[in-house]
Amino acid sequence: MQNGGPKCKIAGERAGRAARLMVGCAVTGYGHRVRSCEEVSVAFPEDVLTEDEHVVLHLHPHWKALIRPIVVLVLAVAAVVAGVLLLPESGGGSIALAVIGVIALVAVVWFALWPFLVWRTTHYLFTNERVLLQHGVFSRDRRDIPLTRVNDHSMSQRFVERLLGCGTLTIESAGERGQSVLADVPGVGQVQTKLYELVEAQHDKHSLGDGEMREILADMSEGKPLRDPSA
């Protein structure tokens, strides 16, 4: 009696691919505990996801984009407080205080509030099926990159970005817009590794289907009745 055979080999391949798929669903929380795909909470419209799609990573650009808005806000508040404390309450002091208040308000709206809204509405979404890029405060621009079309991906970090733990992730994909650049990605090294795992898991998923097709063709060549591959 022979041990193994084509069917045992296929079963072993299925077990290995299933294990890799399970690994692909693990998400590193960048210093926090490891979480599964189902545990990732997403402040993102659920209607953009397909029925069998789940979110693996949901990111905004790195927090360094908020440094300047915070500095502007602090300086604006300090200028207004200084004006209230130092300027006289009547005459030219009131006019000067009003001018300072208007300038501070414009600076906060333009250099603090607007950059914050841009940061908050920029989404890098990685699911088990695609990479979704979305940005826009009033209008909305979104691009979907199916994992099956990802040909290559690379990351780059300048010295300051290495210190802050962010970088640029470039995704090469098939199509008219072949290159997508994700700037200021937090934990860019871990994100690139996760993208690699997702692409490999998607490839294994399709390879598993090819293996089932080969098994069906083998059964047909042997004159066996067709079986349901999902059984």
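## Exercises: salt bridges and a nonpolar core

The side chains of Arg130 and Glu53 meet in a salt bridge, at 2.7 Å from N to O. Keep in mind that this is a predicted model.

**Exercise 1.** Work out where Arg130 and Glu53 sit in the chain, and whether they are buried or exposed.

*Solution.* Start with the elements: Arg130 is in strand E5, while Glu53 is in the loop between strand E2 (35-36) and E3. That puts the two 77 residues apart, so the pair links distant parts of the chain. Next, check accessibility: both Arg130 and Glu53 are buried.

**Exercise 2.** Find which parts of the chain the salt bridge between Asp184 and Lys64 ties together, and classify Lys64 by its accessibility.

*Solution.* First, the distance: the closest N and O atoms of Asp184 and Lys64 are 3.2 Å apart. Now place them: Asp184 lies in strand E9 and Lys64 in the loop between E3 and helix H2 (67-86), so this bridge ties together parts 120 residues apart in sequence. Finally, Lys64 has 22% relative accessibility, so it counts as partly exposed.

**Exercise 3.** Identify the element that gives the most residues to the largest nonpolar core.

*Solution.* The core has 19 residues, and Phe126 is among those touching the most other members. Its contributors of two or more residues include strand E4 (123-127) and helix H5 (188-221). H5 gives the most, with five residues.

Methods:
Residues numbered from 1 in each chain as written. Predicted model: local features only at pLDDT ≥ 70, side-chain atom pairs only at ≥ 80, totals over all residues. Heavy atoms only, no water. Core = buried A, V, L, I, M, F, W, Y, C linked by side-chain atoms within 4.5 Å. Buried < 20%, exposed > 50% of the residue type's maximum accessible area, 1.4 Å probe, protein only. Helix = DSSP H or I, 4+ residues; strand = E, 2+ residues; numbered from the N terminus. Salt bridge = Lys/Arg side-chain N within 4 Å of Asp/Glu carboxyl O.
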